[in-house]
Amino acid sequence: MTETLANSLVEFFTGAFSDGFVYRNELIVFLISLLPVLELRGGLIAASLLGVKLVPAMIICYIGNILPIPFILLFIKKIFAFMKKHGILVKLVEKLENRGKKKGEEVKNSKWEKWGLLAFVAIPLPGTGGWTGALVASLLNMKIKDSFPVIAVGVAIAGIIMAILSYGLPALF
């Protein structure tokens, strides 16, 4: 699913930016990496499809994936409360909260909460990643100083795994 969605977004963004646009492919990769669900995983797939070299792709995707995380950690509960209070997409908010709480139980029930969060973010499976990890950390009331570094390391590990899957193992050497 991630690969199909990434491919569709590559086609969309490629059409949106002119061929003469400097660093067009890198910008496309960055924008895809910013998006929830796709994040770094989709960004690296897109980078591979667009022929962006591995090291710049890793850096661009990492920055794109990490950039929203502090804002999610700081503000998601307040944003959700505001949306519910004013009747804005209440069902979506409740769905996201329930999903985050369910995923949070997996993390919280692990013997070491931080290690559970790290594994959750690092293993590139559907429904995991930096965005969901930040939502889980927020709903578990984890301190930002504890959760952000764990999420950052998890995104880096996911990046290495996805680089191997997107570019192949020989590209790393």
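**Entry 1: Thr128**

I looked up what Thr128 touches: Glu39, Arg41, Phe120 and Ile123, with residues up to four places away in sequence not counted. Contact here means heavy atoms within 4.5 Å. The model is a predicted one, where local features need pLDDT of at least 70, side-chain atom pairs count only at pLDDT 80 or more, and totals for chains, interfaces and linings use all residues. Numbering runs from 1 along each chain as its sequence is written, and side-chain values use heavy atoms, with hydrogens and water left out.

I found Thr128 in the loop between helix H7 (113–122) and H8. Helices are DSSP runs (H or I, at least four residues), numbered from the N terminus.

Is Thr128 buried or exposed? I noted it as buried, because its relative accessibility is 8%; buried means under 20% relative accessible area, exposed over 50%, and partly exposed in between (1.4 Å probe, protein chains only).

Which backbone oxygens does the Thr128 side chain reach? I got that of Ile123 at 2.8 Å and that of Leu125 at 2.7 Å.

**Entry 2: Asn65**

Next I went to Asn65, in helix H4 (residues 54–66). Asn65 has 3% relative accessibility, so I put it down as buried.

Its side chain makes a polar contact of 3.0 Å with the side chain of Glu39. For that term I used a pair of N or O atoms within 3.5 Å; within protein, one must be able to donate a hydrogen and the other to accept it, and residues adjacent in sequence count only if both atoms are side-chain atoms. I also saw a polar atom of the Asn65 side chain 3.2 Å from the backbone nitrogen of Leu40.

Leaving aside neighbours within four places in sequence, I listed Ser33, Glu39, Leu40, Gly130, Trp131 and Val155 as the contacts of Asn65.

**Entry 3: Cys61**

I stayed in helix H4 for Cys61. Cys61 counts as buried because its relative accessible area is 0%.

How far apart are the C-alpha atoms of Cys61 and Leu40? I read 5.0 Å, for two residues 21 apart along the chain. Leu40 is also on the list of what Cys61 touches, along with Val29, Ser33, Gly43 and Leu44, not counting residues up to four places away in sequence.

**Entry 4: the cavity**

How many cavities of 30 Å³ or more does a search of the whole structure find? I got 1. The largest cavity has a volume of about 50 Å³. On a 1 Å grid over the protein atoms alone, a cavity is a set of points where a 1.4 Å probe fits but cannot get out, and a pocket is an open set with protein on both sides within 12 Å along at least five of seven lines; lining residues have an atom within 4 Å of a point. Points are joined across faces, edges and corners, and the volume is the space filled by probe spheres set on them.

I found Asn65 again in the lining of the largest cavity, which also includes Glu39, Leu40 and Arg41. H3 and H9 are the elements that give two or more residues to this lining, and H3 has the largest share, 3 residues.

Last, I checked the largest pocket, which has a volume of about 490 Å³. Of its 22 lining residues, the closest to the centre are Pro36, Val37, Glu39, Arg99 and Thr132. Helices that each supply at least two lining residues include H3 (39–50) and H9 (144–167).
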